[in-house]
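Hi,

Here is the structure I said I would pass on. My notes on it are just below.

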Amino acid sequence: MYSAHHFDDWDSPVSATLPADAAVDAGAPVKTALAHDREAFAALAPVNAADKRIVNGKADINQLAPFKYPWAWEFFLKANRNHWTPLEIGMAQDVHDYHHKLSAAERHVFENVLAYLTTSDILAMRNIGLAVMEKMSAPELQIYQARQVYEEALHTWTYQHCIESLGLDQQEIYNRYRVVPAIHGKIQLANQRLERVLRSDFDLTNRGNLHEFALSYFFFAVIFEGCWFYNGFTPVFALQRRGLMKGAAEQLQYIMRDEVLHCAFGIRVVRELLKEENLALDPQALRLLWDEAEAAESAYAGYILREPILGYNAELHVQQFRFIANRRARQVGVSEPFPGAENVLPWLDEQANLRKEKNFFETRVTEYQTGGALAWE
Ligand SMILES: [Fe+2]
Ligand SMILES: [Fe+2]
């Protein structure tokens, strides 16, 4: 049986918990801080920011400041300014749209985008939370990544909320990535990357492993989040532009704003990591990454848009992927993979910028007035 006494055990006299051979010899001289040798004393000095490293650092990871990467802390503060929950966005009109307004081709697009995204976000969470965070050796980097892990979980909640609101078959939707080859292709590429850096014998003091890790980080931040996610919402935004599935699209806009930060943070980490470790990404390995990503994205677009919908088709989707890929490459500082690709969907960047805080809060007020949230009044 628990009692308050059990929780107070830590307050017991130390001597009561020391083994017999550790008992203090009353006759021995008392050791003071002054008696420590200089080396031991230096080891207790506060952290020097210059000693921090992205990986393989030796500085005490339990001390947040002084910052070596103040931008990482800024990312954390900025991320906290985009907080919402899926329950705050009305889905009633979407239920009607989905069942009565969408064509069969549009329902096919919507469901498969949802199936792809929900699997992807679980993978994104596992990558940052299990493979990346434990390798970071500066706390300011880990803290933003902890927020990112939460956001990926929030995104998964958002998709689940959409799936539940629309009454879709959950088992079928979540399993779809395994039975639809065009979705599986993208997930498999990501899984392969993740598995390589999750190995228990992965040692970042080995230069080959360090390059593998940098390449994996590049893949997840630049391609997976920066291109596939950024461009992955567009089929639903194409519906939204015609007044359809506006609740789901608004949810995706909030997710997209998080993803823009994830990508920007990841690119910054990759750049700093390469500089700090005096490392360059192998151009051939990069070319292979881009080519695999483009092939997987083309197959995916060909499947979800096997029939074009009004204002959107597979060719536009792939062209936009190439255009965004070039932008990301410039941001990292590597050569453009698809020179000459055009911005065929200029409205996509406007979606990312959002500029709808005002609408968002107006929506919330309306929802609270009409929903059950004020039932106690
Ligand atoms: Fe996400
Ligand atoms: Fe993300």
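This is a predicted model: local features need pLDDT of at least 70, side-chain atom pairs count only at pLDDT 80 or more; totals for chains, interfaces and linings use all residues.

On the H8 side, Lys186, Ala190, Arg193, Arg196 and Val197 do the touching, and their partners in H9 are Glu212, Phe213, Ser216, Phe219, Phe220, Phe224 and Trp228. Sorted by class, this contact between H8 and H9 holds seven nonpolar, one polar and four charged residues.

How do the two helices sit against each other? The axes of H8 (residues 181-198) and H9 come within 9 Å, crossing at roughly 150 degrees. Since angles over 145 degrees count as roughly antiparallel, that makes H8 roughly antiparallel to H9. The crossing of H8 past H9 is left-handed.

Zooming out, the chain has 15 helices and zero strands. Of its 377 residues, 35% are buried. Among contacts with a separation of 6 or more, 76% are between residues 24 or more positions apart.

Then there is the core. The largest nonpolar core has 82 residues, and Tyr217, Cys227 and Val236 have the most contacts inside it. Helix H9 (residues 207-232) turns up again here: it gives the most to this core, with 16 residues. As for Val236, leaving out residues up to four places away in sequence, it touches Phe110, Val113, Met245, Ala248, Ala249 and Leu252.

Cheers

Notes:
Residues are numbered from 1 along each chain as its sequence is written. Chains are lettered from A and ligands numbered from 1 in the order in which they are written. Helices (H or I, at least four residues) and strands (E, at least two) are DSSP runs, numbered from the N terminus. A residue is buried if 20 or more other C-beta atoms lie within 10 Å of its own, exposed if 12 or fewer, and partly exposed in between; C-beta atoms are placed from the backbone. Two residues are in contact if their C-beta atoms, placed from the backbone, lie within 7 Å. A nonpolar core is a set of buried Ala, Val, Leu, Ile, Met, Phe, Trp, Tyr and Cys residues joined through C-beta atoms within 7 Å. Axes are lines fitted to C-alpha atoms, for helices over the stretch in contact, and angles run from 0 to 180 degrees between N-to-C directions. Angles under 35 degrees count as roughly parallel, over 145 as roughly antiparallel, 65 to 115 as roughly perpendicular and the rest as oblique. A crossing is left-handed if the near helix is turned anticlockwise from the far one by less than a right angle, and right-handed if clockwise. Ala, Val, Leu, Ile, Met, Phe, Trp, Tyr, Cys and Pro count as nonpolar, Asp, Glu, Lys and Arg as charged, and the others, Gly among them, as polar.
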